[in-house]
Amino acid sequence: MRQRAEPFDSPAVPGGRLDPRRRPETRNIDRGEFHRPTASLAGGSLRTLGCPAFLMNLPLSLSTDVPNNRLMREMADSDRQLNRRKAISQFMALYRFLSAQAVVYLLPSTPHLQDQPYVANIGAVLPHLPEETVVVSRFRSVPRIGEADVALEFFRLLNFHVHRPPALCARNEPIYFEGEADLKHVRDNLYIGAHGLRTSRNALRWFADSFDMRIIEYPVTDEYLYHLDCCLLLLDPETIVLCRRHTDPQALRAIEKECHIENVTRENVRSGLTNSVVFGKYLLCDSPIGEIAKTHSYYPSEKAKIAKLEKLCAQYGLEPAIFNLSEFLKSGAALSCLIMRLNHQKSRCDN
């Protein structure tokens, strides 16, 4: 039997309903962790905000000391040397663009959490549920494990229903989940979930059982593309960008039954095209093309990526917005890694 997250007042919780006078609002149970807000906000919620809300993290703790993906391991130590002032400047360009047209919360920076700026991995908001619900990650990557505690406290303060998968499934096997970057909402209760390298398959099955989700399972085997946002991009609820030749045949057939597919090359995917983010009328993507020479090994793939991006934008009525995030490439990261959706509003605050 698969494991299901149970609310505090469920018969599955010994003792039944919690005494509302007790302050401890979070409780570890044998089927995961769950926090329920004690009261609703008088002013509404992020879901009724009328514009997008995002989470970001100022890269004060950013470090490349521990190479925890293949891209980093293949870099020379000198190539991974971080320019923090430049990283903050690049971050601020993206932050200013988003915050001019959306609400952007900043997760507090915490010492010794080298990858904390990559907030797309700390959890996933589930928009198909009636309550504002977030599931916080259980990291496989060792340097990232401490990020979950910060995220749990943040989402409690933000008045979300906060869940976390159990450490072990019914078969006593570890469960790993690495956030929105591995779990994409398509529409209604339909999601696409990656498994294989960072998120475990049993995590997807726990999600499906616990939250009444239909999940198309997407095996990830390419060590250069270790999260789902490295492999596919959701343009709208009916359209997905991916590389057909680089997608598991069973997953491809399942996606084709639900969505139109815009095919791109493996080179486009490897250069970060699917790590783009749709934001209002914009398609945000990162590229270092403005600071590299035409003789640089990245230049041809970056040029091809931008050309394909512009073609997609013309086809779907979007405008490309390109940001230089070269300092974050030293972590093997791209633009989508720096942003987590706190709601799934499509319009902008100035509309």
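Residues are numbered from 1 along each chain as its sequence is written, and side-chain values use heavy atoms, with hydrogens and water left out. Because this is a predicted model, local features need pLDDT of at least 70 and side-chain atom pairs count only at pLDDT 80 or more, whereas totals for chains, interfaces and linings use all residues.

Colleague: How many helices and strands does the secondary structure of the protein come to?

Modeller: Helices (H or I, at least four residues) and strands (E, at least two) are taken as DSSP runs, numbered from the N terminus. On that basis the protein comes to eight helices and 17 strands.

Colleague: What percentage of the residues of the protein count as buried?

Modeller: Buried means under 20% relative accessible area, exposed over 50%, and partly exposed in between, with a 1.4 Å probe and protein chains only. Of the 351 residues of the protein, the share that counts as buried is 54%.

Colleague: Is α4 (201–211) largely enclosed or open, and which elements do its buried residues pack against?

Modeller: Eight of the eleven residues of α4 are buried, so the helix is largely enclosed by the rest of the structure. Among these buried residues are W206, F207 and F211. With contact meaning heavy atoms within 4.5 Å, the elements that the buried residues of α4 pack against are β6 (133–136), β7 (161–164), β8, β9 and β10 (214–219).

Colleague: How many cavities of 30 Å³ or more does a search of the whole structure find?

Modeller: On a 1 Å grid over the protein atoms alone, a cavity is a set of points where a 1.4 Å probe fits but cannot get out, a pocket is an open set with protein on both sides within 12 Å along at least five of seven lines, and lining residues have an atom within 4 Å of a point. Grid points are joined across faces, edges and corners, and a volume is the space filled by probe spheres set on the points. With the threshold at 30 Å³ or more, the number of cavities found in the whole structure is two.

Colleague: Which residues are the closest to the centre of the largest cavity?

Modeller: About 100 Å³ of space lies in the largest cavity. Of the 13 residues that line this cavity, the closest to its centre are Y118, N121, R144, Y226 and S331.

Colleague: Which helix gives the most to the lining of the largest pocket?

Modeller: The largest pocket has a volume of about 780 Å³, and of the 34 residues that line it, the closest to its centre are L71, R270, Y298, E302 and L329. At least two lining residues come from each of α6 (266–270), α7 (299–316) and α8 (326–329). With four residues, the element that gives the most is α6.

Colleague: Is D188 buried or exposed?

Modeller: D188 lies in the loop between β8 and β9, and has a positive phi of about 50° although it is not a glycine. Most residues other than glycine have a negative phi. At 58% relative accessibility, D188 counts as exposed.
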